[in-house]
Amino acid sequence: MIREAVDAAIKAILSEKDYLSQLDEKTGDGDHGLNMARGAQAAQEAMDELDEPEDLKKVLSAIGEAFATNVGGTAGPLYGAGLLAAAEVVDENATPDIPTLEKIFGAAVEEIKKRGHADKGDKTMLDVLIPIHECFVAGNVSGKSFEEVLAQARDAARDGVNYTKDIPARRGLASHLGEKSIGFEDPGAMSSFIIFRTLCSFRKS
């Protein structure tokens with residue numbers, strides 16, 4: 001199941017490569033789609049070589065290493081760092097349940113905050129990842145099924161992408177545009193949403 005979910009996310013990124021680059025052209029240097037595709041291809045190769053592709057901890061570590069060592073730009077190293085941080089907090093033989101996802105997104109968010117010197121409201125991938133994480137914390141999951149929490153997190157991710165369209169960039173190349181960056185979604189936020197939306201759809205199927 002984990003291997004199939006990762007394959008679906010990789011396929012989604014590769015299929016949206018041109019769209020992500022076109023979006024990045026509006027506020028950056030237009031290479032986000034290419035960089036994400038390079039990371040996705042490296043992740044696919046890492047998964048093909050992995051001896052236990054259903055081990056969540058090993059999968060996160062392998063994909064994180066693939067992004068960290070093969071992708072340039074800004075988003076690739078941040079994705080890599082976030083995934084590697086997530087792998088560190090995942091228990092052996094863990095399954096992608098609510099407590100595990102809270103750990104994964106919590107660790108990834110904190111590492112990306114530290115590496116990118118960014119936070120919610122800066123028009124970055126954190127405007128998607130932080131709302132996703134918030135949906136999995138204990139105070140927001142009481143009395144809800146896994147599917148309900150997942151649906152709320154997917155909606156929060158979508159809202160996060162839309163939010164980046166309405167605010168100026170404060171980090172990265174887009175920050176040089178200031179108010180002129182308003183009106184365009186952040187490419188990193190969009191790629192984060194695409195990945196999470198794909199994983200949610202895979203779970204539902």
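The largest cavity holds about 850 Å³ of space, in a model that is predicted. A cavity is here a set of points on a 1 Å grid over the protein atoms alone where a 1.4 Å probe fits but cannot get out, and its volume is the space filled by probe spheres set on points joined across faces, edges and corners. One cavity of 30 Å³ or more is counted by this rule. Its lining comprises 35 residues, of which Leu-60, Leu-83, Phe-105, Ile-195 and Leu-199 are the closest to the centre; a lining residue has an atom within 4 Å of a point. At least two lining residues each come from helix H1 (2-15), helix H3 (32-49), H4, H5, H6, H9 and helix H10 (187-204). H10 gives the largest share of this lining, with seven residues. Helices are DSSP runs (H or I, at least four residues), numbered from the N terminus.

Local features were taken at pLDDT of at least 70 and side-chain atom pairs at pLDDT 80 or more, whereas totals for chains, interfaces and linings use all residues. Residues are numbered from 1 along each chain as its sequence is written, and side-chain values use heavy atoms, with hydrogens and water left out.

The volume of the largest pocket is about 480 Å³. Of its 25 lining residues, Thr-74, Ala-75, Gly-172, Leu-173 and Asp-186 are the closest to the centre. A pocket is an open set of points with protein on both sides within 12 Å along at least five of seven lines. Helix H2 (17-27), H3, H5, H6 and H10 each contribute at least two residues to the lining of the largest pocket.

Three aromatic pairs are found in a search of the whole structure. Rings of Phe, Tyr and Trp (its six-membered ring) pair if their centres lie within 6.5 Å, and planes under 30 degrees apart count as stacked, over 60 as edge-to-face and the rest as tilted. Phe-67 and Tyr-79 make a tilted pair, with 5.8 Å centre to centre and 40° between the planes. Phe-67 belongs to helix H4 (residues 56-70) and Tyr-79 to helix H5 (residues 75-89), so this pair ties together parts that are twelve residues apart in sequence. Both Phe-67 and Tyr-79 are buried, a term that denotes under 20% relative accessible area, with exposed over 50% and partly exposed in between (1.4 Å probe, protein chains only).

Phe-105 and Phe-136 form a stacked pair, 6.1 Å centre to centre with 5° between the planes. Phe-105 is in helix H6 (residues 98-116) and Phe-136 in helix H7 (residues 126-136), and the pair links distant parts of the chain, 31 residues apart. Phe-105 and Phe-136 are likewise buried. Through ring pairs, Phe-105, Phe-136 and Phe-196 are linked into a cluster. Phe-105 is also among the residues closest to the centre of the largest cavity.

Helix H9 (residues 146-165) has 20 residues and spans 29 Å from its first C-alpha to its last, close to the expected 28 Å; the expected span is 1.5 Å times one less than the number of residues. Buried positions in H9 are Phe-146, Val-149, Leu-150, Ala-153, Ala-156, Ala-157, Gly-160, Val-161 and Thr-164. Viewed down the axis of H9, the buried residues fall within an arc of 140°, so they line one face of the helix; the arc is that of the directions from the helix axis to the C-beta atoms. H5, with 15 residues, reaches 22 Å between its first and last C-alpha, close to the 21 Å expected. Buried residues of H5 include Ala-75, Gly-76, Leu-78, Tyr-79 and Gly-80.

The loop between H5 and H6 contains Glu-92 and Asn-93. Glu-92 is exposed, at 56% relative accessible area, and touches Asp-55 and Lys-57, residues up to four places away in sequence not being counted; contact means heavy atoms within 4.5 Å. Asn-93 is exposed at 70% and, although not a glycine, has a positive phi of about 60°. Most residues other than glycine have a negative phi. Lys-123, also not a glycine, has a positive phi of about 65°. Lys-123 lies in the loop between H6 and H7 and is buried, with 2% relative accessibility.

In helix H3, Asn-35 is buried at 9% relative accessibility. Apart from neighbours within four places in sequence, Asn-35 contacts Val-71, Gly-72 and Gly-73.
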